[in-house]
Amino acid sequence: MDVGIESFYTDSNGSTEPNPRFLRKAESDIKQVQRRIYKKKKGSTRRRLARVRYSRKHLRISRQRNEHAKRVARNVCKSNDLVAYEDLRVSNMLKNHTLAKSIADASWYQFRQWIEYFANKFGKEAVAVPPQYTSQECSQCKRVVKKSLSTRTHICQCACTLHRDTNAAINILHKAKSRGGHPQSNAKGVATSTLVGVTQKRASRYDELRIPAPLGRGVSI
Ligand SMILES: [Zn+2]
């Protein structure tokens, strides 16, 4: 699957999961609550309370976001034996401020964590592949078809016409099947002893995942 801003994800069959955009929906409300902080006198109880109200709004959004990522990841892992996705460096992408809010809102980071958690739990394979050329390459003939971010359709001279994200998702699946990625889950028992250590390490990370507090990562408005 290909994660995105237009859709939460698009899979290699062309199905899409809509993006909930919790933050965008709550944005005007949250901005209003934020403005109220600065109308109160510095150091006053009212100012402190306004701050509490503001952080509660944020907490609610990050919880909604996490619940959504968890629910979708669970469904994906239940109905597929192999789940492939790009090994994206979300923290680097968050530095690009024009896209930052949307990316954070799409909660890719949590989604990936949950995918790996449920793949492990259900005995499915989760594979992260290098993201290079997944959107530019034609999934049918492997020709490179250059397109900017605003080009939403992949049109190749080999007569392959697909939504850009569907084309990317197929490429991601191909890469995973040819084992271009690193296996994130050894649930099928194919991996070596080094991976067992990785699995154990990950298990402790998932325990942390249940705590909602650190999950609003990288979000600032
Ligand atoms: Zn082609």
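User: Which conventions apply to the numbering and to the atoms used here?

Analyst: Residues are numbered from 1 along each chain as its sequence is written, and side-chain values use heavy atoms, with hydrogens and water left out. Because the model is predicted, local features need pLDDT of at least 70 and side-chain atom pairs count only at pLDDT 80 or more, whereas totals for chains, interfaces and linings use all residues.

User: How many aromatic pairs does a search of the whole structure find?

Analyst: Rings of Phe, Tyr and Trp (its six-membered ring) pair if their centres lie within 6.5 Å, with planes under 30 degrees apart counted as stacked, over 60 as edge-to-face and the rest as tilted. The search finds 6 such pairs. In one of them, Phe-8 and Phe-111 have ring centres 4.7 Å apart and planes at 65°, so this pair is edge-to-face. Phe-8 lies in strand β2 (residues 7-10) and Phe-111 in helix α5 (residues 108-122), 103 residues apart; helices (H or I, at least four residues) and strands (E, at least two) are DSSP runs, numbered from the N terminus.

User: Are Phe-8 and Phe-111 buried or exposed?

Analyst: Buried means under 20% relative accessible area, exposed over 50%, and partly exposed in between (1.4 Å probe, protein chains only); both Phe-8 and Phe-111 are buried.

User: Where does Asn-80 lie?

Analyst: Asn-80 lies in the loop between α2 (45-79) and β4 (82-86), and with a relative accessible area of 34% Asn-80 is partly exposed. The C-alpha atoms of Asn-80 and Lys-124 are separated by 7.5 Å, although the two are 44 residues apart along the chain.
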